[in-house]
Structures are given as structure tokens and as C-alpha cells.
Amino acid sequence: MKPKLFQYAACPFCNKVRSILEYKGVDFETIEVHPLNKKEISFSTDYQAVPIYIDSTGTQINDSTPIMRRIDEEFPTPKVFKVDSKEVEKDELWLAWSNKLVKGLPTAIYNSISNSLSAFNYITKIGKFSWFEKRMIKYTGAFVMTLVAKKIRKREQIDQPEEFVKQMAQEWVNGLAGKPFMGGEQPSASDLATFGVIRPVSGLRAGKLLESNLEFSAWMKRMQKTLDRTSSPASKSPLPQSV
Ligand SMILES: N[C@@H](CCC(=O)N[C@@H](CS)C(=O)NCC(=O)O)C(=O)O
């Protein structure tokens, strides 16, 4: 059975899963979920978030990191979760780092009404919305997320969102220490997770800030080139870049 990924196109967690599937060249089916009625995932009564992954045996797995681990078992070549204990520790650290990035990114994406409107323009363009929902969500979403971003800034103690993003880019570059990938010569789970969470924001101001770090941008390009080469032609679906 062809594996299925239930997703929102602009969801960072869903893009983590897409990255590993593309890296392993898996032929999978993507099902875009309607974010308001979620009828596509009505079969999942206990878990109502995305991503949801149905593997090739028909088993449902929830939550992006456990899904990545399952995919690494299901399609073991090339292996992306490290096995050597020293390498495991390092990759887990950078996987946790990518979660910190996901938590902080909204503070830079929605740090002004105009940036929030650009973000929602993009989200509604690539998501599954009716004409009316697109307009309604763009304006109410932008307003609500600007307020939410302020709350996240307080909770995560991020005084200057744009500085936070630039600092994160530099931390990643320091972690690479001149190697092509965090995994060394080949991408590891933390490369795929980090690339995945950034991919949907790459056309937005937050993404541009990350890529203003030239070494970070070079790593992004290496990742993109790798996935262009490895992904199954049947499962390719490039994200619209312009906003
Ligand atoms: N820990 C989860 C988080 C997933 C998550 O928060 N997904 C969001 C979309 S980005 C979601 O589905 N939220 C519930 C909703 O839209 O109602 C993971 O890593 O997969």
C-alpha cells in the first residue's frame, strides 16, 4: 500500500515528514486537510492534528518526530537516525534545536500586521480553503497571529524576533563546523527536520532572514538539491515560493 501523509501544505511539522519521505525517494500520497472541518482526518477520533501518517501496512502514526522514526524503519536506506551513541546524542540535540526554532519562528513571521498578512496570503494560497474562507482567514488570522506572536515572545523570552532568527542561523552554521550537513557528508534526521520546518517559510521575511546568513543559505541549497535528486517523481509537489 502507498503510504499516505495527511497534511497542511504550510505546516512546518508536515514538511519535516515530507523531507524524510523525499530523501528516501518514497512514492507517497499527500492528502491536504481542510483546516476548518478536518473531514479528511475524521477517521482519527483521538488525534486531530497534522501530520498523520498511514504507513505501507495501513498503521496510523501521529506526531512528526515519531513519524520520522517510523519512516526510517520502514524505508531503512539511507538511514537518517544515527546509531552510534555519540552521534545519536549530537543529532538528538539538533533535533531539539529544530523544535526551538519552530517555537520561535512565529515571533518573526507575525511580528507586524503587514508581515502577518504576507504570511496568511501565502498560507491561504497553498492551503485548502474556499474563496470566502481565504479572505476571512487572511484578515482574522493575521490579526490573531500578531497577538499570539506577542504571547510567544513573552513565553519564550524572545525580545527581538529578527535577532533571534539570525542567531539561530549562526548557531546552525557553527554546528555544521564546515561540514556539508549536520549528519556529516550526508543529511541526518536533524538536517531533514530543520530543512522541513524552514521550507514553508522560505518565501517569508523570517526565511529571508535565515538565508541572509550565506553559510546557512548554502546549506539550504545543498538540502534542496539533494531532495530534488532523491525524491520520487510521482510525489514531487513544489511549494509556491512567491508571496
Ligand atoms: N507535536 C506535533 C505538532 C503538530 C501540530 O501542532 N500541528 C498543527 C498544524 S501546524 C495542527 O494540526 N494543529 C491543530 C489544528 O490545526 O487544529 C508534531 O510534531 O507533529
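Me: Which domains does the assignment give, and how many Å separate their centres?
Reply: The model is predicted. The domain assignment of the chain gives domain 1 (4-74) and domain 2 (85-234). Taken over C-alpha atoms, the separation of the two centres is 19 Å.

Me: Which element gives the most to the side of domain 1 that touches domain 2?
Reply: The contact takes 21 residues from domain 1 and 23 residues from domain 2. On the side of domain 1, the elements that give two or more residues are helix 1 (12-23) and helix 2 (64-74). That side divides into 11 nonpolar, five polar and five charged residues. With eight residues, the element that gives the most is helix 1.

Me: Which are the edge strands of the four-stranded open sheet?
Reply: The sheet has the order 2-1-3-4, with mixed pairing. Strand 3 (residues 52-54) and strand 4 run antiparallel and are joined by three bridges; Ile54 stands opposite Gln60 in strand 4. Each edge strand pairs on one side only, and these are strand 2 (29-32) and strand 4 (60-62).

Me: What angle does the direction of helix 1 make with that of strand 1?
Reply: Helix 1 packs on the sheet, where it touches strand 1 (4-7) and strand 3. Its direction and that of strand 1 make an angle of about 155 degrees.

Me: How do the residues of the shell around the ligand divide into nonpolar, polar and charged?
Reply: The ligand is surrounded by Tyr8, Cys11, Phe13, Pro35, Ala49, Val50, Pro51, Asp63 and Ser64. By class, the residues of this shell are seven nonpolar, one polar and one charged.

Technical notes: Residues are numbered from 1 along each chain as its sequence is written. This is a predicted model: local features need pLDDT of at least 70, side-chain atom pairs count only at pLDDT 80 or more; totals for chains, interfaces and linings use all residues. A residue is near a molecule or strand if its C-beta atom, placed from the backbone, lies within 6 Å of it. Ala, Val, Leu, Ile, Met, Phe, Trp, Tyr, Cys and Pro count as nonpolar, Asp, Glu, Lys and Arg as charged, and the others, Gly among them, as polar. Domain bounds come from an automatic or database domain assignment. Two residues are in contact if their C-beta atoms, placed from the backbone, lie within 7 Å. Two strands pair if DSSP finds at least two bridges between them. Axes are lines fitted to C-alpha atoms, for helices over the stretch in contact, and angles run from 0 to 180 degrees between N-to-C directions.
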